[in-house]
Amino acid sequence: SEVLQSKYMELCTSEESDWQGFLLKDLAQQAQEEWFAAWVGEMVRVSRLGGMVVIENLYPPLCDATVSSNDSRGGVSKEWWRSTIEEKRDEWSVDPSSMVFNGDGYNDGRYRLVLLNAKVD
């Protein structure tokens, strides 16, 4: 809803002196990251060995300065993918070197991620 989006954008401008807003902003992004981790973990789990997992229309975090679209639902940064894939490489069985970002031509900051399921049984 517009009210929720408006409140979220207020959190984006929270400074450290507004400890509640600053904490809520961080907790909201952490929840977003946990959701993405669970979602991609399942996609990798059900994909074929050696298969590709393609994730389309990803947005950077809602509070990221590169987000220029009013309809952004928020997402995760490319840096988050790099560190999370490295951190979960055994759990997800994804080869970190297979990670490819593209779609930077979107005007609103969206991007695409391609991963390779490198699980070996």
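Ser 93 is buried, with a relative accessible area of 16%, where buried stands for under 20% relative accessible area, exposed for over 50% and partly exposed for what lies in between (1.4 Å probe, protein chains only). The model is a predicted one, in which local features need pLDDT of at least 70 and side-chain atom pairs count only at pLDDT 80 or more, while totals for chains, interfaces and linings use all residues. Residues are numbered from 1 along each chain as its sequence is written, and side-chain values use heavy atoms, with hydrogens and water left out.

**Confidence and overall make-up**

- The protein chain has an average pLDDT of 83, and 87% of its residues score at least 70; pLDDT is the predictor's confidence in each residue, on a scale from 0 to 100.
- There are 4 helices and 3 strands in the protein chain, taken as DSSP runs numbered from the N terminus, with helices (H or I) of at least four residues and strands (E) of at least two.
- Along the sequence these elements follow the pattern α-α-β-α-α-β-β.
- Among the elements, the lowest mean pLDDT (78) belongs to helix H1 (residues 2–12), and the highest (93) to helix H3 (residues 78–87).
- Of the 121 residues in the protein chain, 37% are buried.
- Of the contacts in the protein chain with a separation of 6 or more, 54% are between residues 24 or more positions apart, a contact being heavy atoms within 4.5 Å.

**Nonpolar core**

- The largest nonpolar core has 18 residues, and those with the most contacts inside it are Ile 55, Trp 81, Leu 113 and Leu 115; such a core is a set of buried Ala, Val, Leu, Ile, Met, Phe, Trp, Tyr and Cys residues joined through side-chain atoms within 4.5 Å.
- Two or more residues of this core come from each of helix H2 (19–46), E1, H3 and E3, and H2 gives the most, with 4 residues.
- Once residues up to four places away in sequence are set aside, Trp 81 touches Phe 36, Val 40, Ile 55, Leu 58, Val 76, Met 99, Phe 101, Tyr 111 and Leu 113.

**Aromatic pairs and a charge over a ring**

- The structure holds 6 aromatic pairs, for which the rings of Phe, Tyr and Trp (its six-membered ring) must have centres within 6.5 Å, with planes under 30 degrees apart counted as stacked, over 60 as edge-to-face and the rest as tilted.
- One of these is the edge-to-face pair of Trp 35 and Phe 36, at 5.2 Å centre to centre and with 85 degrees between the planes; Phe 36 is buried, with a relative accessible area of 7%.
- Phe 101 and Tyr 111 also form an edge-to-face pair, at 5.7 Å centre to centre and with 65 degrees between the planes.
- This pair links distant parts of the chain, since Phe 101 lies in strand E2 (residues 100–102) and Tyr 111 in strand E3 (residues 111–116), 10 residues apart; both Phe 101 and Tyr 111 are buried.
- Trp 35, Phe 36, Trp 39, Trp 80 and Trp 81 are linked by ring pairs into a cluster.
- The ring of Tyr 111 has the charged end of Lys 78 over it, 5.3 Å from the ring centre, under the criterion that NZ of Lys or CZ of Arg is within 6 Å of the ring centre and within 35 degrees of the ring normal.

**Disulfide**

- The structure holds 1 disulfide, defined as a pair of cysteine sulfur atoms within 2.5 Å.
- This disulfide is formed by Cys 12 and Cys 63, whose sulfur atoms are 1.9 Å apart.
- Cys 12 lies in helix H1 and Cys 63 in the loop between strand E1 (52–58) and H3, so the pair ties together parts that are 51 residues apart in sequence.
- The disulfide is left-handed, because the torsion about the S-S bond of Cys 12 and Cys 63 is about -75 degrees.
- Cys 12 is buried, with a relative accessible area of 16%, whereas Cys 63 is partly exposed, with a relative accessible area of 33%.

- Ser 93, found in the loop between H4 and E2, has a phi near 55 degrees, a positive value in a residue other than glycine.
- Asn 57, in strand E1, likewise has a positive phi, near 55 degrees, and counts as partly exposed at 40% relative accessibility.
- Lys 88 is in the loop between H3 and helix H4 (89–92) and counts as buried, at 18% relative accessibility.
- Apart from neighbours within four places in sequence, Lys 88 is in contact with Ala 37 and Ser 93.
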